[in-house]
Amino acid sequence: YASPTPVIGQGRVVLHFGTYGTVCLDTTTTTPRWTRRDINCDHIVGPGSSPVLYEDLLIFPVDGGDVQYVLALDKHSGKEAWKTTRSVDYRNLIPDFRKAFNTPLLVEADGRTQLISAGAEAAMAYDPESGKELWRVRFNGFSSSSRPVAGGGMVLVPTGYGRLEILAVRTDGRHDVTDTHVAWSRFRNVPSTPSPLVIDDLIYMVSDGGIATCLNLADGTELWKKRIGAEYSASLLHADGRIYYFSREGKI
């Protein structure tokens with residue numbers, strides 16, 4: 001499988017294949033700087049989470065049907081810097097409902113950098129330097145692959161399969177913020193796979209079934225929607241004043 005996107009930094013590129021291994025290559029010589037093949041989990045349907053770079057750390061979630069945690073490696077050596085287990089009790093859920101495929105998002109919020117990472121049943125904000133959980137929001141969802149996006153002092157979290165919705169969460173909370181910091185939520189035409197866009201004070205998204213929607217960021221009000229046909233898994237792309245939608249059938 002090659003679903004996770006590589007990440008590039010000065011002098012290095014990291015290729016991540018989930019449980020099948022992670023390798024850091026020198027961008028000049030293409031030789032491996034380090035390799036890890038011991039970070040394993042049961043993805044059930046293959047890996048999907050991409051890593052992110054933060055200062056000297058390479059960070060990615062490990063959300064399988066068997067184990068669920070977020071891991072940071074030293075980008076120079078590949079050695080573990082920190083590991084934080086998801087603060088969700090998954091014992092009463094079948095393995096398929098414990099997995100997720102989300103790529104973390106780094107945001108500047110509440111005077112600090114926060115790492116937003118959505119797993120099954122909850123999304124968490126972590127301190128990227130230490131792995132300490134700052135806050136979490138609970139939901140009824142799993143297999144999340146639509147990446148969170150940020151804007152207006154909020155993080156927009158699509159919850160994945162199950163009770164599919166998008167939550168607008170204020171980022172200045174602590175601990176469990178489910179009942180205190182969800183500014184609004186929406187169920188209609190929400191993507192389970194494609195990641196949305198935030199441009200200025202608007203949210204653009206497309207459902208897996210091909211309904212494009214524009215929402216007001218502040219309160220989630222629908223401004224327009226249009227059925228554009230086909231099915232969608234790819235994230236939206238904003239460039240040069242246009243938004244591009246890439247369908248599974250290859251239509252753009």
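Let's start with Glu55, which sits in the loop between β5 (52–54) and β6; strands here are DSSP runs (E, at least two residues), numbered from the N terminus, just as helices are runs of H or I with at least four residues. Bear in mind that this is a predicted model, where local features need pLDDT of at least 70 and side-chain atom pairs count only at pLDDT 80 or more, while totals for chains, interfaces and linings use all residues. Residues are numbered from 1 along each chain as its sequence is written, and side-chain values use heavy atoms, with hydrogens and water left out.

**Loops and backbone angles**

- Most residues other than glycine have a negative phi, and most peptide bonds are trans.
- Glu55 isn't a glycine, yet its phi is positive, at about 50°.
- Glu55 counts as exposed because its relative accessibility is 54%; the cut-offs are under 20% relative accessible area for buried, over 50% for exposed and partly exposed in between, with a 1.4 Å probe and protein chains only.
- Asn189 also isn't a glycine and has a positive phi, of about 55°.
- Asn189 belongs to the loop between β19 and β20 (197–199).
- At 17% relative accessibility, Asn189 is classed as buried.

**The β1-β2-β3-β4 sheet**

- Strands of a sheet pair through backbone hydrogen bonds, either parallel or antiparallel.
- Four strands make an open sheet in the order β1-β2-β3-β4, with antiparallel pairing; two strands pair if DSSP finds at least two bridges between them.
- β1 (7–9) and β4 are the edge strands, each with a single partner, so one side of each has no neighbour in the sheet.
- From one strand to the next, the twist averages 15°; axes are lines fitted to C-alpha atoms (for helices, over the stretch in contact), and angles run from 0 to 180 degrees between N-to-C directions.
- β3 (residues 22–26) and β4 (residues 32–36) pair antiparallel over four bridges, and Cys24 has Trp34 of β4 as its bridge partner.
- The hairpin of β3 and β4 has five residues between the strands, and Thr30 takes a positive phi near 65° there.

**The β14-β15-β17-β19 sheet**

- Another open sheet of four strands runs in the order β14-β15-β17-β19, with antiparallel pairing.
- Its edges are β14 (149–151) and β19 (182–186), and since each has a single partner strand, one side of each is left without a neighbour in the sheet.
- On average, neighbouring strands of this sheet are turned by 20° against each other, direction ignored.
- β17 (residues 166–170) pairs with β19 in the antiparallel sense over four bridges, and the bridge partner of Val169 in β19 is Val182.

**Cavity and pocket**

- Rolling a probe the size of a water molecule over the atoms shows where empty space is left.
- On a 1 Å grid over the protein atoms alone, a cavity is a set of points where a 1.4 Å probe fits but cannot get out, a pocket is an open set with protein on both sides within 12 Å along at least five of seven lines, and lining residues have an atom within 4 Å of a point.
- Grid points are joined across faces, edges and corners, and a volume is the space filled by probe spheres set on the points.
- There is one cavity of 30 Å³ or more, and the largest cavity has a volume of about 100 Å³.
- Of the 16 residues lining the largest cavity, His16, Gly18, His43, Pro61 and Val62 are the closest to its centre.
- Strand β6 (residues 57–63) gives the largest share of that lining, with four residues.
- By class, the lining of the largest cavity has nine nonpolar, six polar and one charged residues; Ala, Val, Leu, Ile, Met, Phe, Trp, Tyr, Cys and Pro count as nonpolar, Asp, Glu, Lys and Arg as charged, and the others, Gly among them, as polar.
- The largest pocket has a volume of about 490 Å³.
- Its lining has 25 residues, with Gly48, Ser50, Thr103, Ser145 and Ser235 nearest the centre.
- That pocket lining divides into 13 nonpolar, eleven polar and one charged.

**Cysteines**

- The disulfide count is zero, where a disulfide is a pair of cysteine sulfur atoms within 2.5 Å.
- Cys41 is buried at 9% relative accessible area, and Cys214 is buried at 1%.
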